Every structure is written in C-alpha cells, then in structure tokens.
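Student: Can we go through this one together? I'd like to talk helix packing.

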Amino acid sequence: MYGNLSIIEPLTDQVQEDPERLAEFEAHIDRGEKIEPHDWMPTEYRRQLIRMIEQHAHSEIIGALPEGTWITRAPGFKRKMALMAKVQDEVGHAQLLYSAAETLGKPREQMIDDLISGKSKYSNVFNYPAYTWADTAIIAWLIDASAIINQVTNSKGSYAPYCRALERICMEESFHLKYGYDNVVVLATGTPTQRTMVQEALNRWWRPIMHFFGPPDKASIHTEKLVKWKVKMATNDEMRQQFFNQYVPKILELGLTIPDSELRKDPATGLWDFGDPDWDEFKRVINGDGPCNKERLAVRKTAEERGTWVRAALKTADQKYVTPLA
Ligand code: FAQ
C-alpha cells in the first residue's frame, strides 16, 4: 500500500532519482502545493520525513513522563485534573504523529521498537528530571511554547498529513501553554519560597530549552535539505531567535532572571546573543547519556510489555467482529 518498505532502512548511498520527476516534484513544492501519501516523492524526502515525524512522535510520548510523575503530587484537585488532561493530550499527539509517519510506510511497531532499542532519537529536553512542581510549570510554559514555535511554523510545510497533525496538536499545545503560564505566574508572584522554587526550575531548564531547537545552523546536518523541500519552514537558529524575541521579555516581566550573563539583544541586528549552551552536553544527551535517558526508555519498555495482551486482544477482536465493508 505504501510502496517499498526497504526505504525505511538507512541509506548508505544517495538514490539516483529520475531528474524529470524530481524537477516536477520540486516545482510542485515551490508553488506551495502539498504532497499527499499517494503522490510520488523522492526516496530521501520520504526517509527524512519518517525520521523527523517519528522522532517527534517519540518526543510526545516520552514527553508525557516528566510531568506525568507529578500527577499524584499535584497541589490540589484542579491542578491535578488539568495536569492529567495535559499528559493525556501529549500521548494523543504521539498517536496522531505515529499515524502521519505510518502514511510513509514505516509500521508503528517498528517505530516503537526503534525507540526502545535507542535507534531512534527523541527530544533532548525529556531526559531531565522534574524535581519540583515548579519544574512542571516551566515545562508546560516554556517547552510547550518552544514546541508551538516549531509546530506552527512547520504546519505550513509540504507534507499534508504532518501539517494536518501539527495544526490539531498546536490547538491543544496553546492551552497547555496557558496552563503553564498560569502556574508560573502563581509561583512567581507567591511566597519567597515559591519564587525561589520557580527561579531554580528556570535555571535548570534554560540550557535544555536552548538545545531544544536543535544544533546551530552551521552544525545542522539536515536543515538545508529540509528547508529546500519545505519540511522545515525555518532553520534551528531562526526558531531559537523567535523564542528569545517572544519569551525573554515575558520571563523578565515576572521578575525572574535568565541564567545567562552573556544574553543581550544586538540593537543593530535585533538578534539575541547568548552564551555557549554547552553543545557537548546536547550531543551526550541526544545520544543516550543524559540524566534520565535510561529511566525514560525503561518506563516505555515496561508499558509496551504490559500492553502486549491488549494489542493481541484488539487484533483478535478486529478479526472476529469487524465485517469488511462490501
Ligand atoms: N533533541 O540536522 P539537525 C514537544 C538531532 S515535541 C534530540 O538540526 P533536524 C511537545 C537530529 O534528530 C518536541 N535530537 O536535525 C511536548 C539529528 O539526529 P539524526 C519535539 C535532536 O531534524 C511539550 C541531529 O541532532 N519536536 O516538546 C534535537 O534538521 C511539553 C542533527 O540535527 C519535534 O520533534 C533535539 N532537540 O532538526 C510534550 C519537532 N535537535 O536524526 C510534552 C519536529 C536535533 O540525524 C511536554 N522536529 N537533534 O540522528 C524538528 O523540527 C527537527 O527535527 C529539529 C532538529 C528542529 C528537532
């Protein structure tokens, strides 16, 4: 149904595409038209989309874990309800994204296997612990804000099923952001202990958030191709700058400080300069050596094992009771 599944294996050599078909495909994209799953696409376009959408799906499902650990400890009934709904939303986003990636030919089971075995990446930020309630507030405000910047931008991209999923996800993420902001405001305008708690959480998350947008453009291996094919509608540095423009003033307005003594806006260019966010740490974390990588994958593996009987039961029920449409 989805063509040759061997395309999901890493390519050692560039595939030689028919130049005429490739030119037609690129003209289609240049005109701002969308690509649907049944349309012809270069093997590399398909491979890149699978890689990126799959990593995004994994990030949502693993991203539910740091905040999820706070459901039982949320301060009060209303906060607990809201956090539970947010965590459920994140898992739902993973479902939408796995479905979008499946349209390109990679079965979901294989994606999950690649996550658990460590073959596939997911966002660096979810490999850090949420020590206090304030950590969950910073995640819901600033990581959701970062995700929205990325997703609103890329929802205007070329691959229709991914764009449709992103549009829907962004509506829910916007609500998460408001929930996170409300939590941060309560803490930042609360008792001295609450203010300290939220400042310490911001200090812990600032660097991972800098990393969230990906390596600097000069070190990014995929950006050029993805921008050309309108999968990424802005570069990593452009999105990071957008985050600075939108959120640095809001953070300062709350009386919080940003843990970077070199952070300043260049009045000539309007761009923010910032200190080295330790790109070696970024590389270590995305390659499996962050503070919580092992724990996160172990939880995912256990969930997968515990759900085996449910998937088997669903498959049997499907075969037994679903009458194919005539
Ligand atoms: N973390 O050449 P580039 C969320 C890898 S959703 C880990 O620049 P690219 C919701 C990259 O994969 C968050 N790895 O790569 C939520 C590549 O490795 P590979 C996720 C990273 O693809 C909120 C290598 O480095 N969002 O938060 C990261 O052009 C709150 C070279 O990098 C998405 O996935 C990273 N941060 O640009 C849930 C959006 N950055 O594959 C719960 C879709 C880079 O060659 C609570 N993805 N790498 O082995 C994208 O927009 C892009 O893939 C980037 C990276 C921008 C992440």
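This is a predicted model: local features need pLDDT of at least 70, side-chain atom pairs count only at pLDDT 80 or more; totals for chains, interfaces and linings use all residues.

Student: How do the axes of H2 and H3 cross?

Tutor: At roughly 165 degrees, coming within 8 Å; H2 spans residues 43-68 and H3 residues 77-102. Axes are lines fitted to C-alpha atoms, for helices over the stretch in contact, with angles from 0 to 180 degrees between N-to-C directions. That makes the pair roughly antiparallel (over 145 degrees).

Student: Which residues of H2 and H3 make the contact?

Tutor: Among them are Ile53, Ala57 and Ile61 of H2, and Leu83, Val87 and Leu97 of H3. Contact means heavy atoms within 4.5 Å.

Student: And where does H2 meet H5?

Tutor: Met52, His56, Glu60, Pro66 and Glu67 in H2 meet Thr136, Ile139, Ala140, Gln151 and Asn154 in H5. The axes of H2 and H5 (residues 133-154) come within 12 Å and cross at roughly 165 degrees. H2 and H5 are therefore roughly antiparallel too.

Student: New topic. Is Asn183 buried or exposed?

Tutor: Buried, with a relative accessible area of 2%. The cut-off for buried is under 20% (1.4 Å probe, protein chains only). Asn183 lies in H6, residues 160-188.

Student: What is Asn183 in contact with, leaving aside neighbours within four places in sequence?

Tutor: Arg79, Trp133 and Ala137.

Notes
Residues are numbered from 1 along each chain as its sequence is written. Side-chain values use heavy atoms; hydrogens and water are left out. Helices (H or I, at least four residues) and strands (E, at least two) are DSSP runs, numbered from the N terminus. Buried means under 20% relative accessible area, exposed over 50%, partly exposed in between (1.4 Å probe, protein chains only). Angles under 35 degrees count as roughly parallel, over 145 as roughly antiparallel, 65 to 115 as roughly perpendicular and the rest as oblique.
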